[in-house]
Amino acid sequence: MISLQILGLEEDMNSLNIIHVAGTKGKGSTCIFCEAILRECGIRTGVFTSPHLIDVRERFRIDGINISEDKFLQYFWDCWNQLEEKATEQLPMPPLFMFLTILSFKIFISEQVDAAIIEVGLGGTEDSTNVIKEPTVCGITSLGMDHTEILGDTLGQIASHKAGIFKPKVPAFTVPQLPEAMDVILERAKELMVPLEVTEPLDCKQMKGLKFCLSGDHQLYNAALAVSLSRCWLQRTGNWEKVCQNDFQDSNLPDEFIRGLSTANFSGRSQIVCDSSLYSDCPEIMSENCGGELIFYLDGAHSPESMEACAKWFSNALKGYKNASQTSIGVVNAEESSENGPFLHESKTLGTFEKSCRQILLFNCLDVRNPKILLPQLVNECALSGIHFSRALFVPSMSKYTKVTSGASVIPSDLSGIDLSWQFNLQRIWEKIMHGKEMTPLLDKDFKIESKLMLPPHEFLYDNASKGGPSHNDFPCSAVIPSLPLTIKWLRDCVKEHPSTRLQVLVTGSLHLVGDVLKLLKR
Ligand SMILES: Nc1ncnc2c1ncn2[C@@H]1O[C@H](COP(=O)(O)OP(=O)(O)OP(=O)(O)O)[C@@H](O)[C@H]1O
Ligand SMILES: [Mg+2]
Ligand SMILES: [Mg+2]
């Protein structure tokens, strides 16, 4: 790639020991598991993931933490200026994702990481990260239907893009896939003489009693893939003997691996956050009761398969909550608590009082996704576990997909011009699922509405027509709210007025929405 040449990185690239990860779902999580395992083995790691939730520096991790602002700015401008100096009309500046990819190579080379763990941005064959000529090992996570407008609308076509990261004779691993996808992967591996192994999901018994921070059954696939990738990386770089004297069998993980797997942590993926704002004046109550009236369950699922995974995780987390509510104390990791406010993970949830609970959905998705598939998937999967959302809120995200930085997090003063037609569309789909019939349009055709009208009364969340049943009118179980900061404030106000009810808010449909909510909860 020409930009790499300009920056003089081509040769150094070859000395990076890279784990390259493609897939539809679980790429980021797999990379983070690899990072945690390798760090436990004493390896200096660099990780490049996408997208970010709050700050672009999340995409560049060195030794388990985001790159510092100073370093980021230094490397950013160094690359930018050099490229800009050489840019011509024929050779313009690289597009955003390509630039960030090049920047990650620059950072990892300069910071002399031992292992560079690189997540594909989109697809594989044509992705900017596919300039990697000789990775140490490649991984393909679970495949499913996403980005069909770019990758093609069959699983085979999608798999073909993903397997495009394979390099001649470089070992690769994947998880069980549908035959249509697996055939393509096997074929490609054969062509390139790639030794390919299929990794079975991890069995919790292998964890010697330790739990995952990144919970959910789907993470067992990502974790198993990460185990294979990390082991192969250690073997191929001559580090294996240092870590593990014994022979390694799949059923018997080295302690370093178990510790890494259990501590790996990734914002916005099966993450539980107790809202602390209610207790900011009174920290004692906070620690005793963990702000338990308003709990956010955040997961950036946005494809049909991941929505199913998310629904299962949420349902299990609620069950876990019930079971744990009498026993455990909410442990807040010191680092997380100072940076991100109180964090809870499923295994650590607590509550000291029995309260009545209500499940609320806070949802948005990009208009390239299909909510007619995503929303029923979520509702049906939760219903299988007896979980029913009493209300759904549809709110636009603040940040835009292509933006590097997130949008402003203050409540906008003028909401009248916001186009909410997509959110009303989501609401119509929701009400159809709940009532089995079309709803009559609530508002005039262009949906440009006045903000005050858009905030439901607090009672909306609490009246007895919960569990999806109709109350005083036909369509009471959802609302469109024009701004996310307004929604969070409204939820907090609701909870202050009704301290005996616990709201369990599932935030999903978009990583951007999840990032925006996390950002608002931090303040
Ligand atoms: N193995 C899996 N199977 C199904 N869904 C998964 C799996 N792993 C993760 N998910 C879902 O996908 C969401 C995103 O996870 P993650 O960031 O690890 O994936 P990704 O492939 O990097 O996603 P993106 O396309 O946003 O970059 C999770 O919040 C979860 O809902
Ligand atoms: Mg994706
Ligand atoms: Mg990702």
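The model is predicted: local features require pLDDT of at least 70 and side-chain atom pairs count only at pLDDT 80 or more, whereas totals for chains, interfaces and linings use all residues. Residues are numbered from 1 along each chain as its sequence is written, while chains are lettered from A and ligands numbered from 1 in the order in which they are written. Helices (H or I, at least four residues) and strands (E, at least two) are DSSP runs numbered from the N terminus.

**Domains**

- The protein chain is assigned domain 1 (2–263) and domain 2 (271–406 + 415–522), with bounds that come from an automatic or database domain assignment.
- Between the domains, 18 residues of domain 1 are in contact with 19 residues of domain 2; contact requires C-beta atoms, placed from the backbone, to lie within 7 Å.
- On the side of domain 1 that touches domain 2, seven residues are nonpolar, six polar and five charged. Ala, Val, Leu, Ile, Met, Phe, Trp, Tyr, Cys and Pro count as nonpolar, Asp, Glu, Lys and Arg as charged, and the others, Gly among them, as polar.

**Shell around ligand 1**

- There are 21 residues around ligand 1, and G26, G28, S29, A301 and S306 come nearest; a residue is near if its C-beta atom, placed from the backbone, lies within 6 Å of the molecule.
- Helices α3 (27–40), α9 and α13 (304–324) are the elements that each give two or more residues to this shell. The largest share, four residues, comes from α13.
- By class, the shell holds five nonpolar, 11 polar and five charged residues.
- Domain 1 and domain 2 each supply at least three residues to the shell.

**The eight-stranded sheet**

- An open sheet of eight strands runs in the order β4-β3-β2-β5-β1-β6-β7-β8, with mixed pairing; two strands pair if DSSP finds at least two bridges between them.
- Strands β4 (65–66) and β8 (196–198) stand at the edges with a single partner strand each, so one side of each lacks a neighbour in the sheet.
- Strand β1 is largely enclosed by the rest of the structure because five of its six residues are buried; buried denotes 20 or more other C-beta atoms within 10 Å of a residue's own, exposed 12 or fewer, and partly exposed in between, with C-beta atoms placed from the backbone.
- Parallel pairing joins β1 to β5 over five bridges and β1 to β6 over four bridges. In these pairings I19 stands opposite I117 in β5, and V21 opposite G139 in β6.

**Helices**

- Helix α9 (residues 218–236) lies across β1 (17–22), β5 (115–119), β6 (137–140), β7 (172–174) and β8, at about 175° to β6. Axes are lines fitted to C-alpha atoms, for helices over the stretch in contact, and angles run from 0 to 180 degrees between N-to-C directions.
- In helix α11 (residues 255–263), the buried residues are E256, F257, G260, L261 and S262. Their cover includes α3, α9 and α10 (240–243).

**Strand β15 and its partners**

- Seven of the eight residues of β15 (residues 501–508) are buried, leaving the strand mostly covered.
- Strand β10 (residues 294–298) is joined to β15 by five bridges in the parallel sense, with L298 partnered by V507.
- Strand β12 (residues 356–363) also pairs parallel with β15, over eight bridges, and Q504 is the bridge partner of Q359.

Definitions and conventions. Two residues are in contact if their C-beta atoms, placed from the backbone, lie within 7 Å.
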